[in-house]
Amino acid sequence: MRTPSFLSDRLREFLRWQRIATLPELKQALGTTVDITVFRKLKELSYRSSYSHRGRYYTLDEIPQFDPQGLWSLQEVWFSRWGNLVTTLETLVRAAPQGYFANDLRQLLHVEVKDALLQLVEQRRVARQQVTGLFLYCSPDAAVRRRQLLARQALSEIPGSASAEVSPEELK
């Protein structure tokens with residue numbers, strides 16, 4: 001049997017020190033020019049890829065200290081407890097007591113979300129409902145969606161709330 005010439009311990013130590021890295025940085029740390037070698041070693045270590053920056057950054061599962069929304073960032077690179085952007089959006093929308101508007105999600109996640117939300121709607125993994133001229137993204141489950149819409153309606157009736165009705169001119 002051939003002895004492994006690339007050790008995953010190198011990647012572990014590099015990522016513990018660096019905390020996040022791109023594929024070229026990981027290849028250099030491992031001493032290889034082959035992408036698949038890096039991914040084999042990352043798999044042994046249990047890793048995550050960023051949902052921002054098109055998933056270009058990697059970290060070990062043990063490194064992120066996720067906030068209550070399941071998000072963590074370092075140097076403006078964002079990671080999610082749930083993985084990629086689409087899965088993160090789906091999880092957040094389904095669990096939201098009052099659903100989310102796209103702009104709320106964009107601000108929360110620090111990335112553009114419209115294409116991913118449209119993909120989720122087309123796949124029926126989330127639903128959307130027009131509220132105050134904007135799409136509110138909700139659970140695909142009818143009972144949960146109804147509770148989310150009622151909660152959003154109650155929130156919009158609170159004077160000065162962030163969800164109070166706003167004219168299209170004010171939104172611009």
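This is a predicted model: local features need pLDDT of at least 70, side-chain atom pairs count only at pLDDT 80 or more; totals for chains, interfaces and linings use all residues.
Residues are numbered from 1 along each chain as its sequence is written, and side-chain values use heavy atoms, with hydrogens and water left out.

The secondary structure of the chain comprises 8 helices and 8 strands, where helices (H or I, at least four residues) and strands (E, at least two) are DSSP runs numbered from the N terminus. The chain has 172 residues, of which 40% count as buried; buried means under 20% relative accessible area, exposed means over 50%, and partly exposed lies in between, for a 1.4 Å probe and with protein chains only. The accessible surface of the chain, computed by the Shrake-Rupley method with a 1.4 Å probe and, for residues, with only the protein chains shown counting as cover, comes to about 10,700 Å², and 49% of this surface belongs to carbon and sulfur atoms. Among the contacts (heavy atoms within 4.5 Å) in the chain with a separation of 6 or more, 49% are accounted for by residues 24 or more positions apart.

Rings of Phe, Tyr and Trp (its six-membered ring) are taken to pair if their centres lie within 6.5 Å, and planes under 30 degrees apart count as stacked, over 60 as edge-to-face and the rest as tilted. By this rule there are 4 aromatic pairs. One of them is the tilted pair of Phe14 and Trp17, with 6.2 Å from centre to centre and 50° between the planes. Both residues belong to helix α1 (residues 8–18), where Phe14 and Trp17 are 3 residues apart, about one turn of the helix. Phe14 counts as buried, at 18% relative accessibility, whereas Trp17 is exposed, with a relative accessible area of 65%. In another pair, the ring centres of Phe39 and Tyr58 are 5.8 Å apart and the planes lie at 70°, so this pair is edge-to-face. It links distant parts of the chain, since Phe39 is in helix α3 (residues 35–45) and Tyr58 is in strand β3 (residues 57–60), 19 residues apart. Phe39 is partly exposed at 26% relative accessible area, while Tyr58, at 10%, counts as buried. Ring pairs also join Phe39, Tyr47 and Tyr58 into a cluster.

A salt bridge is defined as a side-chain nitrogen of Lys or Arg within 4 Å of a carboxyl oxygen of Asp or Glu, and the whole structure holds 9 salt bridges. Among them is the bridge between the side chains of Glu62 and Arg16, at 2.8 Å from N to O. Glu62 lies in the loop between β3 and β4 (71–74) and Arg16 in helix α1, so the pair ties together parts that are 46 residues apart in sequence. Both partners are partly exposed, Glu62 with a relative accessible area of 46% and Arg16 with 42%. Glu13 joins Arg16 and Glu62 in a network of salt bridges.

Another salt bridge connects Lys27 with Asp35, the closest N and O atoms being 2.8 Å apart; Lys27 counts as buried at 19% relative accessibility, whereas Asp35 is partly exposed at 34%. Within helix α3, Lys41 and Glu44 are 3 residues apart, about one turn of the helix, and their side chains meet in a salt bridge of 3.5 Å, N to O.
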